[in-house]
Amino acid sequence: MHNPATPALSWLAVAGRSASSAMPRLMLGRTLERICKGVLLLCLLHFLIMMILYFDVYTQRFDIFSRFNNGRNGSRNNISGAAGSGHHYYYFNLSRPNATLASYLATGEQLMPSAQPETNQTPSPKPLPPCPENPPGLVGRLLIEFSSQMTMERVQKENPNVTEGGRYTPPDCRPRWKVAIIIPFRHRENHLKYWLHYLHPILRRQKIDYGIYIINQLGEETFNRAKLLNVGYTETLKEAEYDCFIFSDVDLIPMDDRNLYHCYDQPRHFAIAMDKFGFRLPYAGYFGGVSGLSKKQFLKINGFPNEYWGWGGEDDDIYNRITLNGMKVSRPDVRIGRYRMIKHERDKHNEPNPQRFNKIQNTKNTMKKDGISSLTYRVVRVKKFALYTNISVEIGKAPPRPIKG
């Protein structure tokens, strides 16, 4: 028998199943709709931020160029009225090292007129590093020759960085020592040209802060090398605060620029291997030719003796003073301490001193009273040349020599 309620129940069952399957799709659609709205809002927010940034950058650039144009116009006005109104100062932010005008234009910082003085805007200079103990520009063994003609004009052209008076300071580093190079001198102008020709480039490569001083003995009295060196020590300290002193004969040229002209922990003998001695040290106590002492070392031995008139003996006396005061002589390697001497005849009024051997034996008794503490002389003139300073002095004359027999 057919039941009339059966179709209705079947339809309700199908509708229920359809409604139950449609509910998840409806929820998924709403979820996707919300996600799309969120993405749209994010895009809108991103667009607004980009527009804000764009207008901000545009405003800054417009402001930069407008200020630049105003600055240029103002500078033109100031140029035209500078004679009546004085200088117009510009300053810029120096808080960053090595800044340039281009970098300030790129970052929005610009030169602006200001009444503030320039001195308030000057940056403090960056301290220089210490000079290296072994300067990288050294070349080692040098070819030294005296056959080519030498002039002061040529030497001056070769050394444009040397300042008046023969002064030089390395521009890129800070030397430990301030060195006065002292040359006892009389009638050796030709030798001086060669000495300056070779030594200025060597000293610059060695990164030495130095000054060259020629101590010229006036008159024709007997020559006194050691006393002139004492004069040089005293006079150079009036020129600058030197703390190292190199004493050099004008006819000796180093053959290796690794023989560094500065002071050491002990008194230094530089010229240990001269060509006239076959490039060997003539004897253990030899201290002649070229030597160096710090200010402290020089004062400890009371300087050099003043009573060695004529050739010879003073360098041995100096060696005795060093050893008697508890110091030792330091020397470079014999391969580095080689020197070439300019050949010449013995100078007039510089004959060998016959009393030198007796004086050397009495150094212990004389060094306290004969030296820098007893020095007397008179400066006649001081003249600064392009490559050296000339100090001409009168130092007296030798006492009469005792009559033999």
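Ten helices and 13 strands make up the secondary structure of the protein chain in this predicted model. The chain has 405 residues, and 39% of them count as buried. Take the contacts between residues at least 6 apart in sequence: 80% of these join residues at least 24 apart. As for the surface, the protein chain exposes about 24,300 Å², with carbon and sulfur atoms supplying 58% of that area.

Now to helix α8, which spans residues 314-324. Which of its residues are buried? They are Glu314, Asp315, Asp316, Asp317, Ile318, Arg321 and Ile322.

Asparagine 325 lies in the loop that runs between α8 and β11 (338-341). Is asparagine 325 buried or exposed? Its relative accessibility is 16%, so asparagine 325 counts as buried, the cut-off being under 20%. Setting aside neighbours within four places in sequence, asparagine 325 is in contact with Lys300, Ile301 and Met367.

Glycine 326 also deserves a look while you are here. Just after α8, this glycine takes a positive phi of about 80°.

Terms used
Residues are numbered from 1 along each chain as its sequence is written. This is a predicted model: local features need pLDDT of at least 70, side-chain atom pairs count only at pLDDT 80 or more; totals for chains, interfaces and linings use all residues. Side-chain values use heavy atoms; hydrogens and water are left out. Helices (H or I, at least four residues) and strands (E, at least two) are DSSP runs, numbered from the N terminus. Buried means under 20% relative accessible area, exposed over 50%, partly exposed in between (1.4 Å probe, protein chains only). Contact means heavy atoms within 4.5 Å. Accessible areas come from the Shrake-Rupley method with a 1.4 Å probe; for residues, only the protein chains shown count as cover.
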